[in-house]
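This briefing describes the structure shown below, topic by topic. It begins with the contacts between chains and then turns to individual chains and elements.

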Amino acid sequence: MNEAILTTHNLCKRFGAVPACSHLSLTLTPGELHALIGPNGAGKTTVLNLLSGFITPDSGSIFLAGRDISAIPVHGRAALGLARSFQLISLFDRLSVEENLAIAVQARSGTSFRFLGDAAADRRLREPARRVMARMGLKGCGRVITGSLSHGQRRQLEVAMALAIKPRVLLLDEPMAGLGAGGSQRLQELISTLKGRLSILLIEHDMTAVFSLADRITVLVRGEAIAAGTPDEIRRNPEVQRVYLGEEAAAC
Amino acid sequence: MALLFLLPPVATRLGGDYLVSLAGRILIYGLAAAGLDLIVGYGGMVSLGHAAFVGIGAYAVGIFSYAAAESTTVLSWPLTIPGTENALFTLPLAMGLAALFGLVTGIICLRTRGMYFIMITLAFAQMLFYFFVSLEIFGGSDGIVLINRNRLPGIDQESDTTLYYVCLVILLLFLFLGGRVVRSRFGRVIIAGRENEIRAQALGFAIHRYRLVCYVIAAATAGLSGGLLANHTGYVSPDLMHWSRSGEILVMVLLGGMGTLVGPVIGAAALLLMEEFLAMFTEHWMVILGPVLLAVVLFGNQGLYGLWKGITEKDERGDTDDT
Amino acid sequence: MLLLEQILNGLQLGVMLFLMAAGLTLVFGIMQVINLAHGSFYMIGAYTAATVTMHGGSFLLGLAVALPVTAVLGMLVELIILRRLYERNHLDQVLATFGLIFFFNELTRIIWGRQPLFMDVPSFVGGTVEILPGVDYPLYRLAIIGVGILVALFLYLLFSRTRLGMQIRAGAVNRRMIGALGVNIKLLYTLVFGLGTLLAGLAGVMAGPILAVEAGMGESILILTFVVIVIGGIGSVRGALAGALLVGLVDTLGRAFLPDLFRLVISTAAADRFGAAVASMAVYIFMAVILALKPRGLFPANG
């Protein structure tokens with residue numbers, strides 16, 4: 001059993017009277033793709049926000065590669081290799097695609113307290129940026145202003161940004177939302193190539209993608225993990241079927 | 001560019017010392033405004049307290065120069081600090097003290113966002129204003145009069161023309177260095193923080209640290225301009241730090257075009273010239289300036305520099321981007 | 001006793017600040033607009049009342065005229081100018097309202113000249129009152145404190161008992177939501193703004209007899225108002241009350257007693273020089289301390 005790369009111990013968060021996250025103990029092993037599913041409002045994005053540091057938990061702790069990161073702010077966790085994509089796409093809309101990625105590359109390229117030197121012309125930033133662009137299917141879009149990209153391309157860039165900082169753990173929040181069948185397929189393929197090299201925590205509503213990609217799945221309902229296991233185990237779990245998969249199947 | 005260097009001789013022939021003096025003032029405020037642009041235009045933080053740094057720089061120069069001229073000391077306790085009129089000492093001092101104030105207040109202010117930040121920067125500047133008004137030893141609300149201008153080795157400081165050239169060189173130096181900083185990795189982070197702070201944090205940047213450095217740089221620049229201003233007018237008073245001054249500098253940034261460094265200098269020229277021009281017609285020129293400002297804000301957006309660039313770059317459109 | 005007197009002075013300043021801050025914090029919180037011109041309405045209230053009393057009207061008449069004038073003027077400004085600023089960034093809002101200040105201040109100088117106007121303390125609250133044996137305190141200032149209590153009570157009832165009040169409170173917490181709930185946002189904004197300017201005008205009228213009525217008077221109290229809002233938390237009237245009283249007390253007591261305290265610790269010469277100066281900074285240092293602990297104020301609306 002590999003030592004887990006990301007674990008939470010008893011993570012709890014309430015918003016007023018609403019328990020968004022109750023005693024969540026989650027483990028992510030290196031190289032695995034762990035999916036987090038559950039009905040809307042189950043608290044999945046809250047978990048991601050807690051993990052990445054945008055929200056502080058009421059109690060519980062988070063460990064990244066054995067290190068307690070509970071008190072480390074957002075940027076610190078990112079610097080330690082924890083990257084995320086956002087459900088609501090969050091990019092530098094007024095900058096070009098290449099500029100967006102170059103900034104991401106810059107984040108993990110040593111100190112940015114450099115006051116001379118032209119960052120826009122720096123090949124050590126541009127080349128990795130271009131490589132990520134190519135990998136994400138955004139080749140040729142370098143000069144395009146991000147705000148004018150299509151939704152599908154913005155989704156791709158959203159994931160690309162997280163990849164560009166060369167993380168150890170990738171938190172993906174509904175990366176396929178709003179993508180058509182083709183886009184979803186491409187993203188799925190890409191994510192499957194990442195498996196093994198990165199550890200991924202994936203929130204998705206697209207069940208086909210989830211079941212084909214995930215090594216393990218945790219089901220979240222009203223902030224509580226009601227089941228966790230392999231895709232097969234989850235598929236067969238009557239509790240899960242009742243609460244969640246039944247609804248999803250009906251909706252599909 | 002050459003125009004700027006030729007200005008004094010031309011101006012003196014046209015309008016005498018007055019125009020050269022005005023031009024000098026434009027350069028000085030242009031420097032302060034360009035510094036503010038780093039925070040506002042590139043950093044996206046609206047600071048209403050920039051005049052405080054100008055004032056600190058001015059007072060630094062004023063206090064030390066006065067002490068030197070009067071052969072007294074700046075401080076007798078706990079240690080003796082004599083005055084000096086040497087510009088090579090007073091101007092860096094102006095920058096340093098302003099930077100220090102910027103550091104201390106920056107640490108506090110930058111923990112806040114948006115409206116809080118605006119109000120706190122304003123409050124700190126006004127605090128300094130009241131502080132200097134109550135400080136009788138530095139002249140209180142009457143301020144300090146400089147006997148002589150600061151000396152630069154080998155240069156005659158008393159001439160307005162010389163001062164003009166000194167200011168010009170300093171401003172150009174700042175625009176050059178500032179331009180480099182803005183294009184550097186540091187500049188990218190500042191801009192990223194402005195464009196999408198959440199995304200920048202999520203990438204791993206401790207934005208507040210970069211902002212603090214940016215804030216201090218801007219403060220030092222303003223301090224330098226304050227030191228130059230003290231030399232220019234020969235007079236230092238708390239009014240320099242009044243929040244209406246901060247507002248004026250902010251207006252210059254907006255008027256000229258933020259996020260360009262050069263724009264604010266143009267804005268400084270525009271505002272000061274407009275004030276002079278309007279003042280010729282009525283002593284109540286502010287009643288016109290107010291609505292003009294309103295109109296500019298509501299209907300204009302690019303600033304004068306942006307406008308000019310738009311016109312001159314019309315020919316360049318139509319180029320296709322290479323991939 | 002000097003301490004009691006200064007405490008009362010502090011409360012009186014606090015009341016003025018509360019009147020200024022209550023409306024303004026709502027404008028900040030609900031409309032998300034930073035309005036620098038709020039002080040202008042304080043000034044307009046003072047000038048209107050002063051003009052009325054100068055022409056033979058009573059103080060109460062002055063008050064009765066000044067309040068509607070500032071409220072209506074405020075709503076007009078909201079309709080014509082502020083509306084366009086709601087969606088703009090803070091820099092635009094700052095500069096636009098800055099332009100308004102220039103305009104109003106200069107307009108005031110044009111109409112009334114540069115000499116300050118003076119208002120007499122109205123006779124029915126004139127003179128002093130013996131609050132403790134041997135301690136006299138101006139009745140007028142006590143009246144101001146009384147007005148403050150009444151206004152606080154009024155606002156409390158408004159917010160907790162009326163629909164309008166509820167809408168305002170909801171708006172301060174989440175303005176998009178109230179739009180979705182079918183509230184007439186535009187009207188609400190105009191009313192909130194009008195309420196704010198009315199209170200500012202009231203503060204101005206009451207300040208008339210104590211301070212000089214002159215152009216630019218609004219700005220000095222506005223800075224302190226900002227400090228109040230920052231300490232109290234944007235969007236929170238409760239915070240405005242707490243902040244106002246705190247700021248009023250800290251500033252007044254600081255100015256009154258810090259120089260003496262200084263003299264105890266340091267030699268007289270230095271103390272005299274720096275004591276008064278430091279006292280003038282007391283409020284801001286206080287603000288810095290509060291912010292260090294609570295960057296969003298004591299009672300932020302959507303905290």
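**Contacts between chains**

In this predicted model, the contact between chains B and C takes 38 residues from chain B and 37 residues from chain C. Among the 2 pairs of chains that touch, chains B and C have the most contacts.

*Chain B with chain C*

- On the side of chain B that touches chain C, the elements giving two or more residues are helix H5 (114–134), helix H10 (243–256) and helix H12 (286–299) of chain B.
- H5(B) provides the largest share of that side of chain B, with 14 residues.
- By class, the side of chain B that touches chain C consists of 29 nonpolar, 7 polar and 2 charged residues.

- Chain A places 29 residues in contact with 22 residues of chain B.
- Helix H2 (74–79) and helix H3 (97–107) of chain A are the elements that give two or more residues to the side of chain A that touches chain B.
- The side of chain A that touches chain B comprises 15 nonpolar, 8 polar and 6 charged residues.
- Chain A and chain C are joined by no contact, and their closest C-alpha atoms lie 11 Å apart.

**Domains of chain A**

- Chain A is divided into domain 1, which covers 1–81 + 167–252, and domain 2, which covers 91–165.
- The C-alpha centres of domain 1 and domain 2 of chain A are 26 Å apart.
- In chain A, 11 residues of domain 1 are in contact with 9 residues of domain 2.
- Strand S8 (169–173) and helix H6 (181–194) of chain A each supply at least two residues of the side of domain 1 that touches domain 2.
- H6(A) gives the most to this side of domain 1 of chain A, namely 3 residues.
- The residues on the side of domain 1 of chain A that touches domain 2 of chain A fall into 7 nonpolar, 3 polar and 1 charged.

**The six-stranded sheet of chain A**

- In chain A, 6 strands form an open sheet with mixed pairing, in the order S7-S8-S9-S4-S10-S11.
- Strand S7 (82–84) and strand S11 (224–229) of chain A stand at the edges with a single partner strand each, so one side of each has no neighbour in the sheet.
- On average, and with direction ignored, neighbouring strands of this sheet are turned by 15 degrees against each other.
- Strands of a sheet pair through backbone hydrogen bonds, in either a parallel or an antiparallel arrangement.
- Strand S4 (residues 33–37) of chain A pairs with S10(A) in the parallel sense over 4 bridges.
- Ile37(A) stands opposite Val219(A), which belongs to S10(A).
- Strand S10 (residues 216–221) of chain A pairs with S11(A) in the antiparallel sense, over 5 bridges.
- Ile217(A) has Gly229(A) in S11(A) as its bridge partner, and Leu220(A) has Ala225(A) in S11(A) as its bridge partner.
- S10(A) and S11(A) form a hairpin with 2 residues between them. Arg222(A), in the turn, has a positive phi of about 50 degrees.

**Ala79(A) in helix H2 of chain A**

- Ala79(A) lies in helix H2 of chain A, one of the elements that give two or more residues to the side of chain A that touches chain B.
- Ala79(A) counts as partly exposed because it has 17 C-beta neighbours inside 10 Å, whereas a buried residue needs 20 or more.
- Ala79(A) and Pro167(A) are 88 residues apart along the chain, and their C-alpha atoms are separated by 8.5 Å.

**Chain B as a whole**

- Chain B contains 13 helices and 4 strands.
- Of its 323 residues, 56% count as buried in chain B.
- Among contacts in chain B between residues at least 6 apart in sequence, 75% join residues at least 24 apart.

**Helix H8 of chain C**

- Helix H8 of chain C, residues 185–207, has 23 residues.
- From its first C-alpha to its last, H8(C) reaches 33 Å, close to the 33 Å expected at 1.5 Å a residue.
- H8(C) is mostly covered, with 18 of its 23 residues buried.

Conventions. Residues are numbered from 1 along each chain as its sequence is written. Chains are lettered from A and ligands numbered from 1 in the order in which they are written. This is a predicted model: local features need pLDDT of at least 70, side-chain atom pairs count only at pLDDT 80 or more; totals for chains, interfaces and linings use all residues. The expected span of a helix is 1.5 Å times one less than its number of residues. A residue is buried if 20 or more other C-beta atoms lie within 10 Å of its own, exposed if 12 or fewer, and partly exposed in between; C-beta atoms are placed from the backbone. Domain bounds come from an automatic or database domain assignment. Two residues are in contact if their C-beta atoms, placed from the backbone, lie within 7 Å. Ala, Val, Leu, Ile, Met, Phe, Trp, Tyr, Cys and Pro count as nonpolar, Asp, Glu, Lys and Arg as charged, and the others, Gly among them, as polar. Two strands pair if DSSP finds at least two bridges between them. Axes are lines fitted to C-alpha atoms, for helices over the stretch in contact, and angles run from 0 to 180 degrees between N-to-C directions.
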